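My notes follow the display.

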Amino acid sequence: VQLQASGGGLVQAGGSLRLSCAASGRIIGIKAMRWYRQAPGKEREWVAAILPNGMVNYVDSVKGRFTISRDSAKKTVYLQMNTLEPEDTAVYYCNINTVYGESWGQGTQVTVSS
């Protein structure tokens with residue numbers, strides 16, 4: 001499975017961005033699709049997840065601001081990010097976990113200016 005992330009950019013605090021993660025290849029036995037982020041000098045952290053049954057979950061710091069969703073027909077997962085804060089600045093990565101293992105996208109930079 002190959003993942004292509006896009007949608008990052010530079011935005012002012014309080015603004016919004018929508019990240020996309022398009023999957024290609026043969027996708028079987030999905031366990032979850034997730035977004036992670038890695039800020040400069042910090043470890044990669046999990047941000048949001050969506051399960052095959054539609055259940056979603058978020059790290060506390062983004063609850064109420066970020067929304068993960070999917071379009072199964074397009075094999076794409078989205079991360080709508082609202083009310084962005086400078087602390088959200090990071091490279092965002094999408095991840096898919098299947099019964100055969102996991103794959104990562106290449107990352108997309110999100111920069112939030114104060």
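This is a predicted model: local features need pLDDT of at least 70, side-chain atom pairs count only at pLDDT 80 or more; totals for chains, interfaces and linings use all residues.

I took a salt bridge to be a side-chain nitrogen of Lys or Arg within 4 Å of a carboxyl oxygen of Asp or Glu. Residues are numbered from 1 along each chain as its sequence is written, and side-chain values use heavy atoms, with hydrogens and water left out.

**Entry 1: salt bridges.** I found five salt bridges by this rule. I looked up R37 and D88, whose side chains form one with N to O at 2.9 Å. R37 lies in strand β4 (residues 30–38) and D88 in the loop between β8 (76–81) and β9 (90–98), 51 residues apart; strands are DSSP runs (E, at least two residues), numbered from the N terminus. I classed residues by relative accessible area (buried under 20%, exposed over 50%, partly exposed in between; 1.4 Å probe, protein chains only). R37 is buried at 6%, and D88 is buried at 1%. R37 also forms a salt bridge with E45, the closest N and O atoms being 2.6 Å apart. E45 is partly exposed at 31%.

**Entry 2: serine.** I then turned to S103, in strand β10 (residues 101–104). Is S103 buried or exposed? S103 is buried, at 18% relative accessible area. Beyond its neighbours within four places in sequence, I noted contacts (heavy atoms within 4.5 Å) of S103 with V1, L3, C94, N95 and I96.

Methods. Helices (H or I, at least four residues) and strands (E, at least two) are DSSP runs, numbered from the N terminus.
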